[in-house]
Amino acid sequence: MAIVEDRAAGPAGAPWRVTVGGDGARVVFLRRPARGGGTGLWVFDLATATERLVADPAGTGINRYATDAGARVAVFPREGRIHRADLVTGVVTTLPARGPA
């Protein structure tokens, strides 16, 4: 699997903005589909050697994210809202936020 730091530097389908959890159990990355479309948030589980899409690239897609030290939880902005993804269960929620002051 080729890994690139920036999506502009690599082909569609290649993982980019890669994060390895502190416990080594998960690798989190962004990927846009080879057929075009927005970028989604993915997790690779080292124990099972499987990948899964955690947050689909609906709308504008996902261009950045942050995780906790163990890469168990990620947050990311999409379409003006903040989302929280549980990277173990795959549950994604939109965080409540007030508008600009």
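Modeller: Two strands count as paired if DSSP finds at least two bridges between them. The model discussed here is predicted.

Biologist: Which residue in β3 is the bridge partner of arginine 26?

Modeller: The strand β2 covers residues 26-31 and β3 covers residues 40-45. These two strands run antiparallel and are joined by six bridges. In β3, the bridge partner of arginine 26 is aspartate 45.

Biologist: Which are the edge strands of the open sheet?

Modeller: The open sheet has four strands, paired antiparallel in the order β1-β2-β3-β4. Neighbouring strands are turned by 25° against each other on average, direction ignored. An edge strand pairs on one side only, and this applies to β1 (16-20) and β4.

Biologist: Which residues touch the most other members of the largest nonpolar core?

Modeller: This core holds 14 residues. The elements that give two or more residues to the core are β2, β3, β4 (50-55) and β6 (73-78). Leucine 87 is in contact with Val28 and Leu41, among others, leaving aside neighbours within four places in sequence. The core members that touch the most others are Val28, Leu41, Phe76 and Leu87.

Methods. Residues numbered from 1 in each chain as written. Predicted model: local features only at pLDDT ≥ 70, side-chain atom pairs only at ≥ 80, totals over all residues. Heavy atoms only, no water. Core = buried A, V, L, I, M, F, W, Y, C linked by side-chain atoms within 4.5 Å. Buried < 20%, exposed > 50% of the residue type's maximum accessible area, 1.4 Å probe, protein only. Contact = heavy atoms within 4.5 Å. Axes fitted to C-alpha atoms, helices over the stretch in contact; angles between N-to-C directions.
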